[in-house]
Amino acid sequence: MTAGPLRTLYVFGAGGHGREVAWIARAVHPSVRIVHLVDDERYAGEPVNGAPVAHVSRVVSGDDAAFVTAVGDADLRRAAAATLIAAGLTPLALVHPSAEVTPTARIGAGAVIFPGAFLSDAVRVGAHAVVNVGGSLSHDVVVGDFATLSPGVRVAGNVSIGEGVFLGIGASVVNGRVGAPLTIGPGAVVGAGATVIADIAPGTVVGGVPARPLHRDDTR
Ligand SMILES: CC(C)(COP(=O)(O)OP(=O)(O)OC[C@H]1O[C@@H](n2cnc3c(N)ncnc32)[C@H](O)[C@@H]1OP(=O)(O)O)[C@@H](O)C(=O)NCCC(=O)NCCS
């Protein structure tokens with residue numbers, strides 16, 4: 001944690017998701033100075049909603065500075081978090097005031113919980129994970145580090161979502177059982193609107209109702 005009041009928050013990402021995360025940060029820390037970070041010099045320079053945009057190499061660490069990642073891609077988020085932690089910055093979790101978080105829920109460093117989300121009893125959200133607008137996580141749901149839950153994702157009780165999993169907008173996941181959670185393996189992608197009714201193997205791309213592996217053209 002930072003020692004004094006948070007003065008500067010570095011937001012890695014300056015696109016749409018980055019602007020949304022900056023807005024949440026201002027809702028939680030009204031006087032914080034936002035600096036967006038990018039890993040490509042071409043995108044540095046032009047302010048975003050009044051906040052400067054700097055190359056990630058320009059980061060200045062300090063007790064009053066923290067960071068949050070705000071890009072959709074889990075690998076990019078993972079790399080950025082490693083770089084910024086190595087630079088001496090502290091990851092900051094952000095929970096929008098309109099999100100409902102039960103006292104037994106736990107939220108990892110650098111995770112972002114969007115407006116209207118609900119984290120029920122004994123939910124665990126991993127580091128640098130994202131629960132987007134209106135996400136609903138029932139009891140005993142575990143969300144791995146760097147996972148992304150898009151707007152409107154609904155997860156029933158006793159479900160384990162692996163590291164770096166992506167759940168598309170409006171996806172639903174039925175419940176697992178006590179001691180035998182329904183498991184979505186690390187790196188899996190669940191398409192928009194899918195309904196997951198059984199375990200998903202790591203790295204698999206699934207979609208539809210019920211969710212099944214999608215036939216994809218990986219040559220593009
Ligand atoms: C699942 C997803 C990642 C697949 O993307 P892709 O690999 O580019 O797949 P393609 O568009 O090439 O589609 C491959 C096949 O899967 C089907 N498909 C794609 N997405 C699907 C979905 N969500 N549900 C059901 N079928 C889907 C396509 O119709 C296509 O089928 P066909 O070969 O019979 O025509 C993507 O379609 C998706 O749903 N992304 C989620 C986006 C999202 O929610 N964003 C939120 C941002 S906040």
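Colleague: How many bridges join S2 to strand S3?
Modeller: Three bridges join S2 to strand S3 (residues 53–55), and the two run parallel. Strands are DSSP runs of E with at least two residues, helices runs of H or I with at least four, numbered from the N terminus. Two strands pair if DSSP finds at least two bridges between them. This is a predicted model, in which local features need pLDDT of at least 70 and side-chain atom pairs count only at pLDDT 80 or more, while totals for chains, interfaces and linings use all residues. Residues are numbered from 1 along each chain as its sequence is written, and side-chain values use heavy atoms, without hydrogens and water.

Colleague: Which residue of S3 is the bridge partner of valine 38?
Modeller: Histidine 55 is that partner.

Colleague: And what joins S1 to S2?
Modeller: Five bridges link strand S1 (residues 8–12) to S2, again in parallel. The chain passes from S1 through helix H1 (residues 16–28) to S2 in a right-handed β-α-β crossover, that is, clockwise from the first strand over the helix to the second with the strands pointing away from the viewer.

Colleague: Turning to the nonpolar cores, how many residues has the largest?
Modeller: The largest has 32 residues, and Val125, Leu137 and Ile184 are among those with the most contacts inside it. Such a core is a set of buried (under 20% relative accessible area, 1.4 Å probe, protein chains only) Ala, Val, Leu, Ile, Met, Phe, Trp, Tyr and Cys residues joined through side-chain atoms within 4.5 Å.

Colleague: Which elements give two or more residues to this core?
Modeller: Strands S17 (159–161) and S20 (182–184) do.

Methods. Buried means under 20% relative accessible area, exposed over 50%, partly exposed in between (1.4 Å probe, protein chains only).
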